Amino acid sequence: MKNNQWPKKGMPELHQILMKHQPRVDRICKSCANGEVRSDADLRFVNDWVVSILFVINPQGRAQAICKLTVEDGQVLCSHSGQVTSTQFKTRATFGSQAINCNPMTQKYISEYVYSIRPLLLGSTRSNALFLNSKGLQHQDIGVCVTRIFNQISNYHITTTLLRSVFETEASEAVDNGTLTSNDVDSVFRNSGHSSTTAKAHYLKRKAEDVGRQATSVYDKLYGA
């Protein structure tokens with residue numbers, strides 16, 4: 001906290017910081033949908049904000065899996081299920097699959113991003129990545145988007161690894177006061193890719209889906225709808 005590398009009021013504070021800039025994101029998306037020209041800085045701001053919303057108001061695992069999401073994956077995320085699974089992440093040898101979770105508000109902004117912002121970033125490239133950098137290509141490290149926007153709109157230095165740590169820490173503390181159970185916290189750690197559970201690929205995929213849904217429920221218990 002002293003070095004502004006941990007939010008003083010936890011995950012809800014980071015959510016509030018992002019929500020203060022929701023009107024700006026809405027204005028940019030609307031003007032782009034109407035064919036108006038916006039600056040590269042505006043397009044980057046929306047990209048970073050939408051990526052950050054995906055990480056901050058949903059329980060996520062490792063950033064690499066989100067970095068490698070395709071447009072087709074985005075369509076599944078924005079469907080009724082609000083979840084896709086990925087094998088593109090650092091600890092896949094242990095876990096096999098990672099769930100990527102998406103609540104209704106996040107679905108709304110990913111859809112708007114794909115409709116109004118992504119085509120302008122895509123330009124003449126042929127990338128199939130869901131989230132694009134200013135060159136119209138897949139981000140090499142999508143966690144940079146999260147760090148960059150919090151550096152821009154707050155005094156905090158936030159990383160995607162830190163977000164997992166905050167969620168895990170606050171969930172663990174909630175066990176002590178009786179808000180959550182040990183099973184709840186186990187699902188949080190497994191969703192983050194920090195459990196020692198091993199099994200075959202089919203089992204792991206189903207487990208990732210189950211704990212992703214359970215981790216979403218834990219998120220709602222901790223932070224509200």
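## Basis

The model is predicted: local features need pLDDT of at least 70, side-chain atom pairs count only at pLDDT 80 or more, and totals for chains, interfaces and linings use all residues. Residues are numbered from 1 along each chain as its sequence is written, and side-chain values use heavy atoms, with hydrogens and water left out.

Helices (H or I, at least four residues) and strands (E, at least two) are DSSP runs, numbered from the N terminus.

## The largest pocket

The largest pocket has a volume of about 470 Å³. Pockets and cavities are found on a 1 Å grid over the protein atoms alone. A pocket is an open set of points with protein on both sides within 12 Å along at least five of seven lines. A cavity is a set of points where a 1.4 Å probe fits but cannot get out. Lining residues have an atom within 4 Å of a point. Grid points are joined across faces, edges and corners; a volume is the space filled by probe spheres set on the points.

The pocket is lined by 27 residues, and I57, N58, N103, Y219 and D220 are the closest to its centre. Helices α1 (11-19), α7 (104-122) and α11 (201-223) each give two or more residues to this lining. The largest share, six residues, comes from α11. By class, the lining has eleven nonpolar, 14 polar and two charged residues. Here Ala, Val, Leu, Ile, Met, Phe, Trp, Tyr, Cys and Pro count as nonpolar, Asp, Glu, Lys and Arg as charged, and the others, Gly among them, as polar.

The whole structure holds two cavities of 30 Å³ or more. The largest cavity has about 70 Å³ of space. Its lining includes M11, F55, N58, R164 and Y219. Helix α9 (residues 160-176) gives the largest share of that lining, four residues. The lining divides into six nonpolar, five polar and one charged.

## α3 against α7

The axes of α3 (residues 40-56) and α7 come within 10 Å and cross at roughly 150°. Axes are lines fitted to C-alpha atoms, for helices over the stretch in contact; angles run from 0 to 180 degrees between N-to-C directions. The two helices are therefore roughly antiparallel (over 145 degrees; under 35 is roughly parallel, 65 to 115 roughly perpendicular, the rest oblique).

Contact means heavy atoms within 4.5 Å. On the α3 side, the contact residues are L43, V46, N47, W49, V50, I53 and L54. They meet M105, T106, Y109, I110, Y113, I117, L120 and L121 in α7. Of these residues, 13 are nonpolar, two polar and none charged.

Helix α1 packs on α9 at about 135°, with the axes 10 Å apart. That angle makes α1 oblique to α9. M11, P12 and L14 of α1 meet L163, V166, F167 and E170 of α9. This contact has six nonpolar, no polar and one charged residues.

With helix α8 (residues 143-153), the angle of α1 is about 75° and the axes are 11 Å apart. The pair is therefore roughly perpendicular. L14, I17 and L18 of α1 touch I149, F150 and I153 of α8. The contact residues divide into six nonpolar, no polar and no charged.
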